[in-house]
Amino acid sequence: MTPGHLLAVVTPYTVPTGLMDVLQVTVLVLVAAAATMVVVIRVPVRQVIALSVYGIALAVLFLVFQAPDVTLSELTVGAVVLPIMFLLALAKVRGREK
Amino acid sequence: MTPGQRRWIFLAAIAGLAAFYLWGLVGLPGFGNYPGPYGDVINRIAVAQTNATGVVSAVNFEYRGFDTVGEEFILFVAATGVAVVLRHLRNERERNADGETGDAPDEGQRVPETSSAIRMVALIMTGPTIVVGWWLASHAQTDPSGGFQGGVVLATAFILIYLAGQFLAFQRVSPTDVTDAVEAIGAGGFAAVGVTAVAMGLPYLTNFLGLGITPGAVSSSGTIALISFFVGLEVGAAFILIVGELLDQTLLLREGSG
């Protein structure tokens, strides 16, 4: 099995790989920053919004790492459904405190 | 331990973690380099074997379909757990609130008014969200999508209906009995596809349907498309059920405390 044989099957990349490395590192740093925001913010409601932003950043990460199907899952679960569950839980706790 | 000492320990730990993490990153193969054999093998044979150009779905619902059954039932059991715990609590609350506010969900709620802007945006987004969810759930065999993604997107459409209208509208478009039944049909359907293969004398989850003629056509790939459809039902219903129970809890609790 020659390398040329493999290339006939695998789609050739049109983006220079060096550029992709830069993009990947950028998104990794972005995800780390978003995650730090979630931990640093102390107000629960704002924390949930930060969690949603973190979910979107993670979705972009998966896209850059060539997993578009995982991107879709992360976008819906991490950026929408999980924050909604937290918001509802917070609303419940707040209702009890009143 | 003083805060100063604690900070030094934290800094030492984070420096160590960063060093190991960066070391690990440097050792990763470059973009587009794949050293293992399985991906290349799958890339070569998957489309020819299954007629599915969405190779990720072919892997999920065919080559490792048995693992996916297990994963689907994780969500099924989780949703069932939420329903069991929260519905029990709801009955207790309704008993306690008896005679005070009653259990009619449209009376005595003190939910803040949703702004017209949010209602409008939610209303506008509902239709497109349903279309996208349906497209994702029905195109697992052709594109990077599938029942899980489609199901969750469909569930968010129902959350948009709640945002655009009110809890009553959410309940009207997703009655608990129907949601429960759809979830069960979705989870059971996946397992039933596998058992049907066994009944035909084939190994569990063998693709027993016709694969179609054109690779990448919606009608191609046999059971991959069918399983994706069932997964879409299961996942969509499970998320609607979980969010619905949480909404119920939140609104009923406000009712009780008001």
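The model is a predicted one, in which local features need pLDDT of at least 70 and side-chain atom pairs count only at pLDDT 80 or more, while totals for chains, interfaces and linings use all residues. Residues are numbered from 1 along each chain as its sequence is written, and chains are lettered from A and ligands numbered from 1 in the order in which they are written.

Chain A contains 4 helices and 0 strands, where helices (H or I, at least four residues) and strands (E, at least two) are DSSP runs numbered from the N terminus; along the sequence the pattern reads α-α-α-α. Of its 98 residues, 19% are buried, a residue being buried if 20 or more other C-beta atoms, placed from the backbone, lie within 10 Å of its own. Two residues are taken to be in contact if their C-beta atoms, placed from the backbone, lie within 7 Å, and among the contacts in chain A between residues at least 6 apart in sequence, 49% join residues at least 24 apart.

Within chain A, helix 2 (residues 17-40) packs against helix 3 (residues 44-64) at an angle of about 165°, with the axes 9 Å apart; axes are lines fitted to C-alpha atoms, for helices over the stretch in contact, and angles run from 0 to 180 degrees between N-to-C directions. Helix 2 of chain A is therefore roughly antiparallel to helix 3 of chain A, a description applied to angles over 145 degrees, whereas angles under 35 degrees count as roughly parallel. The residues of this contact between helix 2 and helix 3 of chain A comprise 18 nonpolar, 2 polar and no charged, with Ala, Val, Leu, Ile, Met, Phe, Trp, Tyr, Cys and Pro counted as nonpolar, Asp, Glu, Lys and Arg as charged, and the others, Gly among them, as polar.

The contact between the chains takes 24 residues from chain A and 26 residues from chain B. On the side of chain A that touches chain B, the largest share, 15 residues, comes from helix 4 of chain A, and by class this side has 14 nonpolar, 5 polar and 5 charged residues. The axes of helix 4 (residues 68-97) of chain A and helix 6 (residues 147-164) of chain B come within 9 Å and cross at roughly 30°, and these two helices are therefore roughly parallel to each other. By class, their contact has 9 nonpolar, 4 polar and 1 charged residues.

Key:
Angles under 35 degrees count as roughly parallel, over 145 as roughly antiparallel, 65 to 115 as roughly perpendicular and the rest as oblique. A residue is buried if 20 or more other C-beta atoms lie within 10 Å of its own, exposed if 12 or fewer, and partly exposed in between; C-beta atoms are placed from the backbone.
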